[in-house]
Amino acid sequence: MWPAVVMRGLAKRYGHKDAVVGINLDIPRGCFFGLVGPNGAGKTTTIRMCTGLLRPDAGQVWLNGLDVWTDTVSAKALLGVLPAEAKLFDRLTGRELLEYSGLLRGMSPGDVAVRFAEVFQVLDLNEAGDTLVVDYSTGMRKKIALACAILHNPAILFLDEPFESVDPVATRTIRDVLERFTAGGGTVIFSSHVMEVVERICDRVAIMDRGRIIAEGATEAIRAGRRLEDVFVELVASAPHSGGELGWLRAAPGSPPAW
Amino acid sequence: MGVSQASAPQSAARVLPRLKWRLLRNGVRRRTGGVVALVLGVLYAAVVAPVGFAAMVALGSSGDDTARRSVLVIGATVVMVGWSILPLLTFGSDETLDPERLAGFPLRRGPLMRGLLAASLVGLVPVAVAVLLMGVVVGFGGGGAVVVALPAMTALLLLSVTVSRLVTSALASTLTSRRGRDVMVLVTSVVVLGVQGLRFIRLGSIDSATLLRIDDVLRLLPPGMLAQSIIDAGAGRWALAVAELAAPMAIIPAALALWAGVLDRDLDRSDDTPRRTERSRLRRRPPRSELVAPAPRDLMLVGSGTVPPWRAVAARERRYLRRDPRRGLQLANAVVFSLAGPVFAAIGYGGDLPGTSVLLGSAAAYVVVLAATNQFAFDGAALWMDVVSGAGVRALLVGKNAVLVTVSLPAVVASSVLLAALSGGWPYVLCSVLLGAGGLGAGLGAGNYISVRFPIPVPERRNVFGGGGAGQGCARSLIVLVCFLIVNLLLAPVAVLGALTVNAGALIGTGFGVVALGYGVLLWRLGTQLAAEAGDADQAGLLEATSPDLAA
């Protein structure tokens, strides 16, 4: 049986900058997979290439054995996506946005009605159902985007920074939903800077730096008894500072400008 | 060490213009085709500025005093009003001058204001206007009048910049809210509609007497007064000239003081957007009964079977027409102009309106068709939702087309019936509707293909400072021009059939209408098919083109 996601030689270049450099990665089905890395490591670019939102310069991606860039429609039917800073059709109400997303993916209106009642309840969005999405807070936007991503019961969920700018209550809610999803056999791939969350919920993890995977495996194996954050910093941090720099920072602060 | 070697701190008055220049330059570097756009912009300014300069010099030496005065007074007013309101109406690209972005810095007000004013003068358009005003000084400054012309034009420039900063700063907080932006779109459309209405109704009939009456009013206002001072200085009325120069100059400190107050308010105020959002959320809280057992509404989607994706797209588009003022007003403008065009053209016939004038009603969808050449622009970055759904570009286009047809075809019918009622040419109504439907089909077919192959992004941020499209106007205008040309060429056969109907009569004309309809259907199918193939082959490219900010 094919893994949920297979990447081979995946590469993308922006101008003179290599964003992703020939990634090879297999993600098993039913896995909670964390993709971590410093800013600019290529996480978002990788996720966008895996979800059909950005054409790679080289390489291939298979989802449950379907090539994203040749079996496009079939592959996308397997997918749920939550992009970072997702721009939504925000002149729709939350309820309408969910309807739209479901119907566009071929769900019947009856199924949409049943599911979104439950999804709204679980994500605590009930009171915002008739509010235009443009008036939502950041956390509510994340939740409604997640609702759109899971409504059609996808096999694989790609989530780019799902916990960024989200309060602890919403974080817990989203986490519960995702854990329920993987318990049912779904696969979650998400990028994050929050090492504690990754450490706590991910079965497997890949660490990216400068467009490359520099470590990948079971979370426990990667940690090797240490905190994931320490491992991460050790792997991706540049040369250690001597401590002599920024000496001026200890001087008396706050002098007003001369002009 | 570093501190001792550091140069002295620079004033904000020097830093801000350099900041604007660097942001403009880097914006060009970052955007695809930015260099081409900048080159085109420079070429445009390089043509407009010297032509304007030469025109002002030539006008200054002409013997027609009335023309000299009218052009100068009206021109000065246009410069100031344009400079003041264009940043609001175009949601311009002057992101560098947003005072809220500077709120975190320990800037004193004086240098900040000087810096913002100086930064306002950095750019192609300010340079072109400055050259134009220099043309006025050279052209009208003969006989010693230069001693008035030079300070007058300098004052006009300063007054324009100051009032512009005052207006944009005063409205900045309003315009960064969604409702504020919506109101501004509404105001923009009303202004555009008003100007176009004037063009239809009155502009052709404006004579020199009317111009003089306008001129008499405008020269009592500050920019007109500055222009009038140059005319009076040239005529030797020195006392009057000095008085006319002094009065507007006295307004500048007052405008600066007002702006200073607004800046103080802006820089002290923290962003209250979250509170606004919360208030809005609470206001819109639905009654409890609506929260139970919700069901899809307003979609005409009943039954338990699946729904063609294009119908979901059509439902979304209909909602957006109601809720997004940019789209709603774009379509409303298109329909109003399309209706107004034939009617005004018919009025041009005079009292004896021929029955064939009904055929003009077939053109009622023309502006809608032109607007359909960039159908993905307003979706912007939200297009990712459609791309990942796997629904296909054909479904998106058919859904969008369906809404355009439901709006514009009734306009064709209404326009034709209205003209028939005025002319008695009822036999031509069916022919007109068929021709209109044919044109609509042909135009939408072409528009679908163009929308996919040459999408032009619309800025996501829509506040007064946030366009981010500086330097690309010329390139985009050229693309739009070529697209319009293609659409018109494809519409030409329908227009020819309409022209043939005028001589052939209603019966044969109806046959021509059927032919036009067949042509329209054929072209729509062909255009949509080609568009779907091209779009599906590169949906990611379409997304990138409509939301360039994602492609960083």
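Reply: Let's start with a definition: a residue is buried if 20 or more other C-beta atoms lie within 10 Å of its own, exposed if 12 or fewer, and partly exposed in between, with C-beta atoms placed from the backbone. Helices (H or I, at least four residues) and strands (E, at least two) are DSSP runs, numbered from the N terminus. Here, five of the six residues of strand 9 (residues 204-209) of chain A are buried, leaving this strand mostly covered.

Me: Thanks! What kind of model is this, and how are the residues numbered?

Reply: This is a predicted model, in which local features need pLDDT of at least 70 and side-chain atom pairs count only at pLDDT 80 or more, while totals for chains, interfaces and linings use all residues. Residues are numbered from 1 along each chain as its sequence is written, and chains are lettered from A and ligands numbered from 1 in the order in which they are written.

Me: How many helices and strands are there in chain A, and how many in chain B?

Reply: Chain A has nine helices and ten strands; chain B has 21 helices and zero strands. Of the 259 residues of chain A, 48% count as buried, and for the 552 residues of chain B the figure is 44%.

Me: Which strands does strand 9 of chain A pair with?

Reply: Two strands pair if DSSP finds at least two bridges between them. Strand 9 of chain A pairs in the parallel sense with strand 3 (residues 32-36) of chain A over four bridges, and Gly34(A) has Val205(A) as its bridge partner there. Six bridges join strand 9 to strand 10 (residues 212-218) of chain A, and these two run antiparallel. Val205(A) turns up again here, with Gly217(A) as its bridge partner in strand 10. Strands 9 and 10 of chain A form a hairpin with two residues between them, and Arg210(A) in the turn has a positive phi of about 50°.

Me: In what order do the six strands of the open sheet stand?

Reply: The order is 6-7-8-3-9-10 (chain A), with mixed pairing. Strand 6 and strand 10 of chain A are the edge strands, each pairing on one side only. From one strand to the next, the twist averages 15°. For directions, axes are lines fitted to C-alpha atoms, for helices over the stretch in contact, and angles run from 0 to 180 degrees between N-to-C directions; a contact means C-beta atoms, placed from the backbone, within 7 Å. Helix 9 (residues 228-236) of chain A packs on the sheet and touches strand 3, strand 9 and strand 10 of chain A, its direction making about 30° with that of strand 9.

Me: Which way do the residues of strand 6 of chain A point?

Reply: In a regular strand, side chains alternate between the two faces of the sheet. In strand 6 (residues 79-82) of chain A, Leu79(A) and Val81(A) point one way and Gly80(A) and Leu82(A) the other way, and all are buried. Strand 6 pairs in the parallel sense with strand 7 (residues 156-160) of chain A over four bridges, with Val81(A) opposite Phe158(A).

Me: Why is helix 3 of chain A largely enclosed by the rest of the structure?

Reply: Eleven of the eleven residues of helix 3 (residues 94-104) of chain A are buried, so it is largely enclosed. The cover comes from both chains and includes helix 4 (109-122) and helix 5 (138-150) of chain A together with helix 13 (309-323) and helix 16 (383-389) of chain B. Just after helix 3, Gly106(A) takes a positive phi of about 85°.

Me: Which residues have the most contacts inside the largest nonpolar core?

Reply: A nonpolar core is a set of buried Ala, Val, Leu, Ile, Met, Phe, Trp, Tyr and Cys residues joined through C-beta atoms within 7 Å. The largest one has 152 residues, and those with the most contacts inside it are Leu63(A), Leu97(A), Ile144(A), Ala147(A), Phe158(A) and Val188(A). Helix 18 (residues 429-453) of chain B gives the largest share of this core, 13 residues. A second, separate core of 49 residues includes Met56(B), Leu132(B), Ala241(B) and Val262(B). Back in chain A, Ile144(A) touches Gly94(A), Leu97(A), Leu125(A), Val133(A) and Tyr136(A), not counting residues up to four places away in sequence.

Notes:
Two residues are in contact if their C-beta atoms, placed from the backbone, lie within 7 Å.
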